[in-house]
Amino acid sequence: MIEMKFKAILETKGRDTGNTHRVWLLAVKYEGKLYFSRRNTNSDWLKNAQKNPDVRIEFDGQSFAGRASLVSDDSLCKKISQLKYEDEKRANEPRVVLEVNYN
């Protein structure tokens, strides 16, 4: 099982405008899925993905269609934070985690 973190582009559809939005984020690949996280829900990309869960992800020169959903499992959220951050304080902060299944 390969676990890694890297920069990826998350493309969402605007929840109000329907326009395409692209943002570079630090992603975590864990058990065949991609994860993005925030300390709170106050971000456009997260709100957009919740309203329109069909997303695109670009990394390593490739583009993938994906389906996003919020992670409700607290232990998985904590694991993603620990993989994402080496700093113990940040690794243990509670986070909102978005899971993307992609192909």
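Two residues are in contact when heavy atoms lie within 4.5 Å. The structure described here is a predicted model. The protein has three helices and six strands, and from the N terminus on these elements follow the order β-β-β-α-β-β-α-α-β.

**Overall form**

- The protein has 103 residues and a radius of gyration of 13 Å, which agrees with the value near 13 Å that a compact globule would have.
- Taken along the principal axes, the C-alpha atoms fill a box of roughly 40 × 30 × 20 Å.
- Of the 103 residues, 42% count as buried.
- The protein exposes about 6200 Å², and carbon and sulfur atoms supply 44% of this area.
- Where contacts join residues at least 6 apart in sequence, 60% of them join residues at least 24 apart.

- Helix α1 spans residues 44-51, and its buried residues are Trp45, Leu46, Asn48 and Ala49.
- Gln50 is another residue of helix α1; Gln50 counts as partly exposed because its relative accessible area is 41%, a value between the limits of 20% and 50%.
- Gln50 and Arg15 are 35 residues apart in sequence, and their C-alpha atoms are 8.6 Å apart in space.

**Nonpolar cores**

- The largest nonpolar core has 19 residues, of which Leu10, Phe36, Ile57, Phe59, Leu98 and Val100 touch the most other members.
- At least two residues of this core come from each of β1, β2, β3, α1, β4, β5 and β6.
- The strand β6 gives the most to this core, with four residues.
- Apart from this core lies another, of eight residues, among them Val71, Cys77, Ile80 and Val97.
- Ile57, one of the core residues that touch the most other members, has a list of contacts that leaves aside its neighbours within four places in sequence.
- The contacts of Ile57 in this list include Ala8, Ile9, Leu10, Leu34 and Phe36.
- Also in contact with Ile57 are Gln62, Ser63, Phe64, Gly66, Val100 and Tyr102.

- Glu11 lies in strand β1.
- Glu11 counts as buried because its relative accessible area is 18%, and the cut-off for buried is under 20%.
- The side chains of Glu11 and Arg22 are joined by a polar contact of 3.0 Å.
- When its neighbours within four places in sequence are left aside, Glu11 is in contact with Thr20, His21, Arg22, Val55, Arg56 and Glu58.
- Glu93 is placed in the loop between α3 (88-91) and β6.
- With a relative accessible area of 19%, Glu93 is also buried.
- A polar contact of 2.7 Å links the side chain of Glu93 to that of Arg95.
- When its neighbours within four places in sequence are left aside, Glu93 is in contact with Arg39 and Ser81.

**Loop residues with positive phi**

- Glu31 is found in the loop between β2 and β3.
- Although Glu31 is not a glycine, it has a positive phi of about 50°.
- Asp60 lies in the loop between β4 and β5.
- Asp60 has a positive phi of about 55° and is not a glycine.
- Asp60 counts as exposed because its relative accessibility is 70%, and the cut-off for exposed is over 50%.

Technical notes
Residues are numbered from 1 along each chain as its sequence is written. This is a predicted model: local features need pLDDT of at least 70, side-chain atom pairs count only at pLDDT 80 or more; totals for chains, interfaces and linings use all residues. Side-chain values use heavy atoms; hydrogens and water are left out. Buried means under 20% relative accessible area, exposed over 50%, partly exposed in between (1.4 Å probe, protein chains only). A polar contact is a pair of N or O atoms within 3.5 Å; within protein, one must be able to donate a hydrogen and the other to accept it, and residues adjacent in sequence count only if both atoms are side-chain atoms. A nonpolar core is a set of buried Ala, Val, Leu, Ile, Met, Phe, Trp, Tyr and Cys residues joined through side-chain atoms within 4.5 Å. The radius of gyration is taken over C-alpha atoms; the globule rule is 2.2 Å times the number of residues to the power 0.38. Accessible areas come from the Shrake-Rupley method with a 1.4 Å probe; for residues, only the protein chains shown count as cover.
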